[in-house]
Amino acid sequence: MTKYDLFIYIITALLPLSACLLIVQVNPYHALVIRGILGAVAALAYTLLGAADVALTEALVGTMLAITLYAIAVRSSLVMRLGIIEDPVSETGSSFGQLMDELRKIFGKRYMRLELVSYPNTQALERALIDKEVHATCSRLEHNNGSEDLSYQTAIRVKRIYEIMQSELSSPAAVLTYVNTLESGEEHK
């Protein structure tokens, strides 16, 4: 066995190793990096085995294009869009600010980002939830007793997001509600 053969065996052994690392990765951004490494190792192995055309295809399509498309998909799918009224009480330290900080922390653990989408009034906010423009809405809850205690009604249309928030949200300022948005043509049950 020559040094060249040993080198080929080592490079080839990196393929299943990087594939296993890719499978067990929980962070989608780390998985993208490992996918790039897997493609680069595959392209190198094909080059060493004399398949330059396959190596070039793997490098261009399997690595560069796939990683770009995966990055776009991961970036756009890891967003929790929260609809709010344009002028909430949002000063630092307020109950709204604390609620948003806690939501960012909860979704940050899942590598998601919280995107606030402003609407001019409650009707537009409710319409956005029904039209599936946002995953949830957050609006100030009016108290009948006239108290100054600020709490926020959070209506959530995605069951998994509701379950996450219900189990992890500890803010007393949040009142959670799951809203089953109807598909077109369905009637209210």
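Q: Is Tyr111 buried, partly exposed or exposed, and what is its relative accessible area?

A: The model is a predicted one. A residue counts as buried under 20% relative accessible area and as exposed over 50%. Tyr111 has a relative accessible area of 33%, so Tyr111 is partly exposed.

Q: Where does Tyr111 lie, and what is its phi?

A: Most residues other than glycine have a negative phi. Tyr111 is not a glycine, yet its phi is positive, at about 60°. Tyr111 sits in the loop between H4 and strand E2 (113-119).

Q: Which value does phi take in Lys132, and where is Lys132 placed?

A: Lys132, a residue other than glycine, has a positive phi near 65°. Its place is the loop that runs between helix H5 (122-130) and strand E3 (136-141). Lys132 is partly exposed, and its relative accessible area is 34%.

Q: How many helices and strands does the chain have, and in what order do they run?

A: The secondary structure consists of six helices and five strands. Read from the N terminus, the order of the elements is α-α-α-β-α-β-α-β-β-α-β. The chain has 189 residues, of which 37% count as buried.

Q: Which residues make the contact between H1 and H2?

A: On H1 they include Tyr4, Phe7, Ile8 and Ile11, and on H2 they include Ala31, Ile34, Arg35 and Leu38. By kind, the residues of this contact comprise 17 nonpolar, one polar and one charged.

Q: Which residues of helix H6 are buried, and why do they line one face of the helix?

A: In H6 (residues 159-168), the residues Ile161, Tyr162, Ile164 and Met165 are buried. Viewed down the axis of H6, the buried residues fall within an arc of 165°, and so they line one face of the helix. The face turned away from this buried side carries the exposed residues Arg160 and Ser167.

Q: What covers the buried residues of H6?

A: The covering elements include strand E1 (79-85), helix H4 (95-108), strand E4 (151-156) and strand E5 (174-178).

Key
Residues are numbered from 1 along each chain as its sequence is written. This is a predicted model: local features need pLDDT of at least 70, side-chain atom pairs count only at pLDDT 80 or more; totals for chains, interfaces and linings use all residues. Side-chain values use heavy atoms; hydrogens and water are left out. Buried means under 20% relative accessible area, exposed over 50%, partly exposed in between (1.4 Å probe, protein chains only). Helices (H or I, at least four residues) and strands (E, at least two) are DSSP runs, numbered from the N terminus. The arc is that of the directions from the helix axis to the C-beta atoms. Contact means heavy atoms within 4.5 Å. Ala, Val, Leu, Ile, Met, Phe, Trp, Tyr, Cys and Pro count as nonpolar, Asp, Glu, Lys and Arg as charged, and the others, Gly among them, as polar.
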